[in-house]
Amino acid sequence: MSASGDGITGVVLAGGLGRRMGGVDKGLVEFRGRTMVEQVLERLRPQVDELIINANRNGERYAAFGYPVFADEIEGFAGPLAGLHAGLSRASHPLVATAPCDSPFLPADLVARLNAALAATGADFAVARTFDQPHPVFCLCRRDVLPHLEAFLAAGGRKVDLWYATLKIVEVRFDDEEEAFRNINTRGELQDLSEK
């Protein structure tokens, strides 16, 4: 539950093509004995009131984790904004938090810190940042930005940073948890981190 008393829907973004990992479905790749998406779900679940998964492939395997699964409504693997669009369209609550399926270390206080900043500033969109690097797929936004996002996507927009630059945003510093935002994009990264 958010600081304002509004509920929060969590969306795990698992809709990508996994190009840098040879086209595999990254959420279902094993890391330290369990799938990456399983670890993300476990970390995000206590932080939100509802949890859903955005996936464009292997829907039955994702559904086996016990949460609703929705594919992009925008055709052609259009990236994280298409996943956010699907999440905003399906969310039961006024606030929507997202996290990617390939970031098994995500912070346990991610949503609380984003939500505090959103409430304090009245922004539309709170995004995590470590030092000079924003992480727009780790965000909390208001569900009522959906029409704005639909218009951006309909005009051919696909880049997250170009879209959120047109909103009232607040960046939330997580310099103390920089490692928590590591995502696993390649087989090499998977191997390196598995051995740590």
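Modeller: Two terms before we start. A residue is buried if its relative accessible area is under 20%, exposed if over 50%, and partly exposed in between, with a 1.4 Å probe and protein chains only. Helices (H or I, at least four residues) and strands (E, at least two) are DSSP runs, numbered from the N terminus.

Colleague: And where does the model come from?

Modeller: This is a predicted model, so local features need pLDDT of at least 70 and side-chain atom pairs count only at pLDDT 80 or more, while totals for chains, interfaces and linings use all residues. Residues are numbered from 1 along each chain as its sequence is written, and side-chain values use heavy atoms, with hydrogens and water left out.

Colleague: Start with strand 1. How many of its residues are buried?

Modeller: Seven of the seven, residues 8-14, so strand 1 is largely enclosed by the rest of the structure.

Colleague: Which residues sit on each face of strand 1?

Modeller: Ile8, Gly10, Val12 and Ala14 are on one side, and Thr9, Val11 and Leu13 are on the other. In a regular strand the side chains alternate between the two faces of the sheet.

Colleague: What order do the strands take in the sheet?

Modeller: The order is 5-4-1-6-8-7-9, in an open sheet of seven strands with mixed pairing. Two strands pair if DSSP finds at least two bridges between them. Strand 5 (69-70) and strand 9 are at the edges with a single partner strand each, so one side of each has no neighbour in the sheet.

Colleague: Which way does strand 1 run against strand 6, parallel or antiparallel?

Modeller: Parallel, with six bridges to strand 6 (residues 95-100). Leucine 95 in strand 6 is the bridge partner of isoleucine 8. Strand 4 (residues 50-55) also runs parallel to strand 1, joined by six bridges. In strand 4, glutamate 50 is the bridge partner of threonine 9, and isoleucine 52 is the bridge partner of valine 11.

Colleague: Now the core. Which residues touch the most other members of the largest nonpolar core?

Modeller: Val12, Leu110 and Leu114, out of 33 residues. A nonpolar core here is a set of buried Ala, Val, Leu, Ile, Met, Phe, Trp, Tyr and Cys residues joined through side-chain atoms within 4.5 Å.

Colleague: Which element gives the most to this core?

Modeller: Helix 4, with five residues.

Colleague: What is valine 12 in contact with?

Modeller: Contact means heavy atoms within 4.5 Å. Leaving aside neighbours within four places in sequence, the contacts of valine 12 include Val37, Val40, Leu41, Leu44, Ala99 and Cys101. There is another core apart from the largest one, with 21 residues, among them Val11, Val145, Leu149 and Leu153.

Colleague: Which residues line the largest cavity?

Modeller: Among them are Leu13, Leu81, Leu84, Thr98, Phe125 and Cys139. Helix 3 (80-90) and strand 8 are the elements that give two or more residues to the lining.

Colleague: Is helix 3 mostly covered or what? How many of its residues are buried?

Modeller: Eight of its eleven residues are buried. They include Leu81, Leu84, His85 and Gly87. Glycine 87 has a relative accessible area of 2%, and touches Val11 and Ile52, not counting residues up to four places away in sequence.

Colleague: Last one. Where is serine 103?

Modeller: In the loop between strand 6 and helix 4. Serine 103 is buried, at a relative accessible area of 0%. Beyond residues up to four places away in sequence, serine 103 touches Val40, Phe138, Phe181, Arg182 and Asn183.

How values were computed. 1 Å grid on protein atoms, 1.4 Å probe; cavity = no way out; pocket = protein on both sides within 12 Å on 5 of 7 lines; lining within 4 Å.
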